[in-house]
Amino acid sequence: MTNEAIALVIPAWNEADALKHLLPEISRDLVRWIVVVDNNSTDATAAVARAAGATVVLEERRGYGQACWRGFQTARDLGAEVVVFIDGDGSDNPIDLPRMVEPILSNRADLVIGSRVGPQSESGAVPAQARLGNWLISRLVSRIYRVSVHDIGSFRAVRIEKLEQLKMQEMTFGWPVEMLVKAARARFRIVEIDLHYRRRSHGQSKVAGTVSGSMRAAYAMLSTMARYARKKDLNYV
């Protein structure tokens with residue numbers, strides 16, 4: 001595989017400790033750019049990322065989608081043709097990067113989604129409340145849009161030009177659902193890959209680690225899905 005066109009985007013909010021372990025795991029033979037989006041952290045997230053050789057950009061507007069969108073814009077401006085998103089908490093395993101980008105590089109897919117609930121995932125890595133919420137949302141998306149997905153996770157790969165076509169607007173936790181729903185409606189070729197998902201390396205998840213966080217994320221995902229289900233024309237181009 002080539003590394004000349006792939007950018008890895010890592011949205012991060014107070015993930016300094018996790019990034020110290022995650023960033024050295026990433027092979028630079030596969031990705032040319034590692035972009036860490038500091039979502040207004042109060043710890044040493046930016047300093048740790050720079051020390052590891054990553055490109056660091058600051059996104060002061062808090063929100064998962066905001067950070068992802070800023071990372072996408074940076075990857076595009078750097079000249080990337082493919083962008084890969086992973087979380088900064090160490091739960092997304094870089095060992096899966098080759099498998100995630102292969103369907104795109106071989107022109108078998110426009111969007112690749114990583115599933116955290118397959119047989120290769122570490123037991124207990126996805127808390128029960130998060131597993132239930134993602135099961136419900138993935139079932140609804142699969143049924144409504146006739147795609148086969150089992151999880152709505154953060155690890156995903158997509159061509160820059162394809163993501164640009166989707167004109168993303170949801171800047172909170174609804175970002176992953178918006179991308180999937182719009183891609184399905186645009187008839188993108190969507191492939192799901194089972195991940196070697198693992199427990200986060202440090203700290204507690206701001207979302208899946210608590211019931212309230214999981215409920216907020218589930219609400220954002222469900223409301224996003226419902227909003228786009230009512231729209232007949234998404235005006236991609």
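## A walk through the sheet

In strand E4 (82-85), valine 84 is the bridge partner of leucine 8. Helices (H or I, at least four residues) and strands (E, at least two) are DSSP runs, numbered from the N terminus. This is a predicted model, in which local features need pLDDT of at least 70 and side-chain atom pairs count only at pLDDT 80 or more, while totals for chains, interfaces and linings use all residues. Residues are numbered from 1 along each chain as its sequence is written, and side-chain values use heavy atoms, with hydrogens and water left out.

Leucine 8 belongs to E1, which pairs with E4 in the parallel sense over four bridges; two strands pair if DSSP finds at least two bridges between them. E1 also pairs with E2, again in the parallel sense, over six bridges. Here valine 9 stands opposite valine 35 in E2. Together, E1, helix H1 (residues 16-22) and E2 make a right-handed β-α-β unit. Right-handed means that, with the strands pointing away from the viewer, the path from the first strand over the helix to the second runs clockwise.

How enclosed is E1 by the rest of the structure? Seven of its seven residues are buried, so E1 is largely enclosed. Buried means under 20% relative accessible area, exposed over 50%, and partly exposed in between (1.4 Å probe, protein chains only). Ile6, Leu8, Ile10 and Ala12 point one way from E1, and Ala7, Val9 and Pro11 point the other way.

Now step back to the whole sheet. It is an open sheet of seven strands with mixed pairing, in the order E3-E2-E1-E4-E6-E5-E7. Strand E3 (55-58) and strand E7 (190-194) stand at the edges with a single partner strand each, so one side of each is left without a neighbour in the sheet. From one strand to the next, the twist averages 20 degrees.

Strands E5 (residues 111-115) and E6 (residues 156-159) run antiparallel, joined by three bridges. Isoleucine 113 has arginine 156 in E6 as its bridge partner. Helix H4 packs on the sheet, touching E1, E4, E5, E6 and E7, and its direction makes about 25 degrees with that of E6. Such angles run from 0 to 180 degrees between N-to-C directions, with axes as lines fitted to C-alpha atoms, for helices over the stretch in contact.

Finally, look at the loop between E4 and helix H4 (97-105), where asparagine 93 lies. Asparagine 93 is buried, with a relative accessible area of 16%. Leaving aside neighbours within four places in sequence, asparagine 93 is in contact (heavy atoms within 4.5 Å) with Phe155, His196 and Arg198.
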